[in-house]
Amino acid sequence: MDLNSYKKVILRLFFFFSLSLVLMFPSCQKETGSDENILAKINDLEVTEAHFISAFKKYYYKTGQSLSPSYANKSSILDSEFNTYVLAVHAGELGISETSEAMNMKEMIKRRVLNEEYLEKEILTNLTVSNEEVEQMFVKFNTQLNASHIYAPTAEKADSLYKEIKNGKAFEAIAKREFKNTQLAENGGNLGIFSVDEMDVAFERKAYEMKTGEISKPVRTAQGFSIIKLNDRYTKPVLTEYEFASNKNQFASFVEKQKKEIITRNHLDDFINAVSINKKLVEKLWSLITNNYSSFISKDSEFLEAMNIGNDVVASSGTFSLELDVFLRELKYTPIENLNNVKNLRTFENLIHGLSYRSYLYEKANSVGLHEVDEVISSINQSYHVFLAKEAEDAIKSGIKVNEQEILETFRNNQEKFIKPLELDLSRIVLEDKNQAEEVIDHINKGASFDKMVQIYSTRNEERLIGGRLGFDYANSYGTLSPQLSVLQVGEVSNVLEYQNGEYHIYKCLGRKEARPFSYKEAIPLIKRQLEKEKFKEQRDQVIHEVKERNNAFINTEKIKELTIQI
């Protein structure tokens, strides 16, 4: 496993979230209501007050609670929500909603929503967050760790590696032997500095519980197992009551989210550990797949029919059983990117575990009647309309053409706009204490090697390994630090620059590429993207206008003016 794969924000469970889409699906929200609370309508699709208020609140928190409920803002958000429905209607006009792909997608969405609702209402319903847990999270947010790990794909392998450590084998020596990733092998599995929300949740929880120098027993993560060694811990020396009180709700929300992830993962693990797979049948199915792997990946209907080789059970757990025909149906509703992970018999069995769990949740959700709950039905429909709207937009994009003459004319008329920005090749030292940063600057001014200072002082382990070198990048990519960095000449070192969260940077300029006009050849892809974007917006607006006209769309402008929103 490489270093970056472990620095992701709250890793999702592979199997449970196998239906996750690249869309942000709305949460369950009852949308039916009387005519007086309908703000916009096209055919049988309505934006109600409840829908709109929920959407407004999402935008409000997304913009840092700075969005005012002015008429202009309310109208803009209503347009955004309503246009999704308008484009969904257009997808219907284009026949997209009748395709097998769209029907499969609706079933995938239905399973995702029902399974998530079942977990939320039946498994996570009694979850609580204590004041002590919130306080602990506050401390964690102000604490950085440096840890190393050894990865193992299975519990058996992890136990074997841990036994070696207990018998005296050096942690770093095992890491060097086990990791194929050169960087992790050379640095003994060191993952560098990290804090809350940068690691797998189980990995993070265990690491924060450990003492410096301690080595953990194998920890189950979303990707396998990790044996953790805590190298160092730094907690901000002054934590104030004001800081805690100001962000208490956010800390509580984060604790809740992490606990939900752990409980959900444990539920999945408990289920999988109890699953018994029909080895003989699975080996027969895998033989069919290896003989026609491309048809398996594409979920070819004839191939799936050929896989239906009897009324046998593929897997079972307690009273639950996954019949072969149900397995093939679940396979049909599995994203192709997940099927691409199936490379051998072991990963095929992993897929069976995942589909068994998904089928089990779906069966449970239906057994408690969640498929008949209005809010759940509404959430499924809303998510499906988001999908259809995206498909309609893709259809608009596919019809957009930009010719060479348009590109040339745009370049000739706007040459002053096509400028390649200043590029800087920088090396940096990252520190967490301003006084120490000033001492480092003093050392450099007295002749100390910048590279040497990186090795001794920089807190970012991954940058220490490459001498702090960042390579060429546009100066404006450094955000608020850009003005100070842009004036650095080759060989010059910056002052101590405060970045964020009490982090201080020192930069050395290794190279400059001055800003200059793009040549026509260089500008072609930029102009093409710009023109495509402009044409898409124009075409999208035109389609929305025509669809509204054709379908007698209704927008209650007076109602939106009067509507009061309480946050």
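How many bridges join strand β3 to β4, and in which sense do the two strands run? Three bridges, and they run antiparallel. I'll come back to that pair. One caution before the rest: this is a predicted model.

Let me start with the whole chain. We have 567 residues, and 45% of them are buried. The secondary structure comes to 23 helices and 16 strands. Along the principal axes, the C-alpha atoms fill a box of roughly 75 × 70 × 55 Å. Now the contacts. Take those between residues at least 6 apart in sequence: 74% of them join residues at least 24 apart.

The chain exposes about 29,800 Å². Carbon and sulfur atoms supply 47% of that area. As for charge, there are 73 positive and 84 negative ones. Their mean positions are 4 Å apart.

Now the sheets. Back to β3 and β4. They belong to an open sheet of four strands, in the order β4-β3-β6-β5, with antiparallel pairing. β4 and β5, residues 219–221, stand at the edges. Each has a single partner strand, so one side of each is left without a neighbour in the sheet. From one strand to the next, the twist averages 40 degrees.

What holds strands like these together? Strands of a sheet pair through backbone hydrogen bonds, either parallel or antiparallel.

Look at β3, residues 143–152. With β6, residues 224–235, β3 pairs in the antiparallel sense over ten bridges. In β6, the bridge partner of Asn146 is Asp232.

Helix α8 lies across β3, β4, β5 and β6. It runs at about 45 degrees to β6.

Next, the three-stranded sheet. This one is open too, with the order β2-β1-β16 and antiparallel pairing. The edges are β2, residues 45–48, and β16, residues 554–555. Each of those has a single partner strand, so one side of each has no neighbour in the sheet. Strand β1, residues 38–42, pairs with β2 over four bridges, antiparallel. Within that pair, Lys41 has Glu46 of β2 as its bridge partner. Helix α1, residues 49–62, packs on this sheet and touches β1 and β2. The direction of α1 makes about 60 degrees with that of β2. Helix α2, residues 71–93, lies across β1, β2 and β16. Relative to β1, α2 runs at about 20 degrees.

Strand β8 is residues 313–317, and it pairs with β9 in the antiparallel sense over four bridges. Ser316 has Ser321 of β9 as its bridge partner. Two residues sit between the strands, and Gly318 takes a positive phi near 65 degrees.

Which residues of β9 are on the covered face, and which on the uncovered one? Phe320 and Leu322 are on the covered face; Ser321 and Glu323 are on the uncovered one.

Step along to Leu324, in helix α13, residues 324–332. Leu324 is buried, at a relative accessible area of 1%. Leaving out residues up to four places away in sequence, Leu324 touches Leu285, Met307, Asn308, Ile309, Gly310, Asp312 and Val314. Gly310 is 14 residues from Leu324 along the chain, and their C-alpha atoms are separated by 7.3 Å.

Last, two histidines. First, His353, in helix α15, residues 345–367. Why does His353 count as buried? Because its relative accessibility is 15%, and the cut-off for buried is under 20%.

Then His385, in helix α16, residues 374–398. His385 is buried as well, with a relative accessible area of 14%. With residues up to four places away again not counted, His385 touches Leu45, Thr84, Tyr85 and Ala88.

That's the tour. Over to you.

Notes. Residues numbered from 1 in each chain as written. Predicted model: local features only at pLDDT ≥ 70, side-chain atom pairs only at ≥ 80, totals over all residues. Heavy atoms only, no water. Buried < 20%, exposed > 50% of the residue type's maximum accessible area, 1.4 Å probe, protein only. Contact = heavy atoms within 4.5 Å. Areas by Shrake-Rupley, 256 points an atom, 1.4 Å probe, with all protein chains shown as cover. Lys, Arg positive; Asp, Glu negative; His and termini not counted. Charge placed at Lys NZ, Arg CZ, Asp CG, Glu CD. Pairing = 2+ DSSP bridges. Axes fitted to C-alpha atoms, helices over the stretch in contact; angles between N-to-C directions.
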